[in-house]
Amino acid sequence: MKIIVFSDSHGNTANMINAIRSENPDMLIHCGDGALDLRTVRNSFPELDIRNVCGNCDRNDASPLTERFTVEGKRFFVVHGHEHRAKRGGISHELTVAALESSADFVLNGHTHMPVTEEGFGFMFMNSGTCRTCADPTYGVITMDSGSVEMDIIHLGSPKNRLSVR
């Protein structure tokens with residue numbers, strides 16, 4: 001199972017579409033601030049399982065603020081981060097507490113535009129950064145295969161530049 005993770009696309013559908021074509025994922029998770037962008041993605045990839053949450057810039061969007069679901073026996077907890085005091089750097093205290101309360105295996109958020117992968121407190125954490133047009137657009141990939149898990153941050157400007165947690 002390959003999951004592609006985006007956040008904070010802020011109008012850039014081209015980077016998402018190019019990444020989807022490159023990765024050929026089974027699922028897409030968008031961590032907010034790009035709800036309108038997902039309309040284009042859904043039209044381009046109607047067969048792709050897409051999950052998303054509402055970000056602080058997703059005005060008038062009906063998407064939930066939090067998503068909880070299970071994939072291949074792993075529990076996912078997805079938020080944008082603005083309601084959990086996400087700031088630059090790693091996972092916030094508020095998000096850690098919410099993740100522990102949800103018994104998550106994976107915690108995904110956005111909001112800060114800074115890519116981070118961490119492991120601790122019994123879960124794996126990813127902020128995929130931002131895939132919008134900027135100096136260093138990024139996205140995340142989670143690969144689950146026969147019990148092993150790999151999380152990567154992909155830098156669009158340099159496909160060989162990967163931050164990984166295994």
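Predicted model: local features only at pLDDT ≥ 70, side-chain atom pairs only at ≥ 80, totals over all residues.
Biologist: How many helices and strands does the chain have?

Modeller: Reading along the sequence gives the pattern β-α-β-α-β-β-β-α-β-β-β-β-β-β. Helices and strands both occur in the chain, and the count is three helices and 11 strands.

Biologist: What is the radius of gyration of the chain, and why does it agree with a compact globule?

Modeller: The C-alpha atoms fill a box of roughly 35 × 35 × 30 Å along the principal axes. For 166 residues, a compact globule would come near 15 Å, so the chain agrees with its radius of gyration of 14 Å.

Biologist: Which residues of helix α1 are buried?

Modeller: Helix α1 covers residues 13-23. Its buried residues pack against β1 (2-6), β2 (27-30), α2 (37-44), β9 (138-145) and β10 (148-155). An α-helix has 3.6 residues a turn, so residues three or four places apart point the same way. The buried residues of α1 are T13, N15, M16, I17, A19, I20 and E23.

Biologist: Which residue caps the N-terminal end of α1?

Modeller: Look for a side-chain oxygen that lies 3.1 Å from the backbone nitrogen of A14. The residue that caps this end of the helix is N12.

Biologist: And which residue just after α1 takes a positive phi?

Modeller: Now we move to the residue just after the helix. Its phi is about 50 degrees, and the residue is N24.

Key. Residues numbered from 1 in each chain as written. Heavy atoms only, no water. Helix = DSSP H or I, 4+ residues; strand = E, 2+ residues; numbered from the N terminus. Rg over C-alpha atoms; globule rule 2.2 N^0.38 Å. Buried < 20%, exposed > 50% of the residue type's maximum accessible area, 1.4 Å probe, protein only. Contact = heavy atoms within 4.5 Å. Polar contact = N/O pair within 3.5 Å; in protein donor to acceptor, adjacent residues only side chain to side chain.
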